[in-house]
Amino acid sequence: MNRPLTVAARAQVPPFAVMDILARVADLRAAGRDVISLCAGEPGGGAPSAVSAAAASIHAAGAPLTYTPALGTAELREAIAGHYRRWYGLDVPARNVAVTTGSSGAFMLAFLSAFNAGDRVALARPGYPAYKNILRALGIDVVELDCGPETRFQPAPGQLEAAVLERGRLAGLVLASPANPTGTMVSRTELAALAGWCAANSVRLVSDEIYHGITYPAAGDPDAKGVCAWELDRSGVVISSFSKYWGMTGWRLGWALVPDDLVGVVDALAGNVALCPPAPAQMAAVEAFSELSYAEADTSVADFARTRAYLLANLDRLGWADAAPADGAFYLYANLGAAMDGFADSAAYCSALLEAEGVAVVPGLDFDTLNGSRTVRLSFAAGYDAVREGLERIVNFQRARA
């Protein structure tokens, strides 16, 4: 008798709740409902005009779009290196830039090249769920650090020390600043402490910086765009993307700054896993670094800032508790507080809100499997008008149930 076919145990990762919510949003809209979606981390403005114009020209030319080098075209890698000179004053050799199929591809290459199965890698909880899902699928032991309001939702060296005492030696730390879902950032001093601890303990730092540039600094802040980990130490991997600041989510282009000891293996892995990133997207993305594109992206960030200010000014009306300060990105993460009364968990709250008022937000269980049953993430990437109307509907929903 033939044995039944099996599904790999490592493939058993949980799906994103946000994808189920987006599917329900689509169903409701198809049925004629007016739905405000405040769940996806996706800027609504799309790519800068110069990037779109370049893409149209590339396709209109009819030239064959062939494979590129595995780590991306020389022109785009040089342009990314120039971006680091512009924003951080960093001299990054183009050979250390790996262009990837979205930041997701960069994470996969970073984890494959830096960690072995059975290694322990630490990350903050709450956090972006794909980190731990990819790591666990690769057989890596995930060490979650409980990072709540008392630590501004970011890890500290003391927590890493405690994790080593409890679980044993760490091989890596995944750090996000600004973070998803909280939007919180680490300061230069805090990042220096974490990078220093990693260097002293032979721990590879993987720094997620995809929301750099979408920040809300005080006037005169010298680190207005965020602090790049390579400003402090170049033994880690820095990951970024065209998806957020430039609004190019569907173009599927990201990149990594790869330390010298990993360049060769990342190159080999990239060629085997994906051959190369999308050629036309790479060719057009060079225009993301034009003066016009930076100006258009900054205009979008100014709108995010206006929307964030409105949300924070109206937190009392929502009645939510322990809201993260949203230093960057475009998320508000908070405990539902008294608004949870009558609901089994935040998923039930989100489902009822969507059906009753046509507003979609994400339950915190995607980001924190222990404490997320009482939290939600609201994305304000949809823009000021959508958020303002959405907030009024949420207030009405909660008032009707009070």
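A residue is called buried under 20% relative accessible area, exposed over 50% and partly exposed in between, with a 1.4 Å probe and protein chains only. The model is predicted, so that local features need pLDDT of at least 70 and side-chain atom pairs count only at pLDDT 80 or more, while totals for chains, interfaces and linings use all residues. Residues are numbered from 1 along each chain as its sequence is written, and side-chain values use heavy atoms, with hydrogens and water left out.

Helices (H or I, at least four residues) and strands (E, at least two) are DSSP runs numbered from the N terminus, and two strands pair if DSSP finds at least two bridges between them. Seven strands form an open sheet with mixed pairing, in the order β2-β8-β7-β6-β5-β3-β4; its edge strands, β2 (97-100) and β4 (141-146), each pair on one side only. Strands β2 and β8 (residues 254-257) run antiparallel and are joined by four bridges, with Val 97 opposite Leu 257 of β8.

A salt bridge places a side-chain nitrogen of Lys or Arg within 4 Å of a carboxyl oxygen of Asp or Glu, and the whole structure holds 17 of them, including those tabulated here.

| Pair | N to O distance |
|---|---|
| Asp 260 and Arg 95 | 3.1 Å |
| Lys 132 and Glu 144 | 3.5 Å |
| Arg 317 and Glu 392 | 2.8 Å |

In the last pair, Arg 317 of helix α11 (residues 315-318) and Glu 392 of helix α13 (residues 384-401) are 75 residues apart; Glu 392 is partly exposed at 27% relative accessible area, and Arg 317 is partly exposed at 38%.
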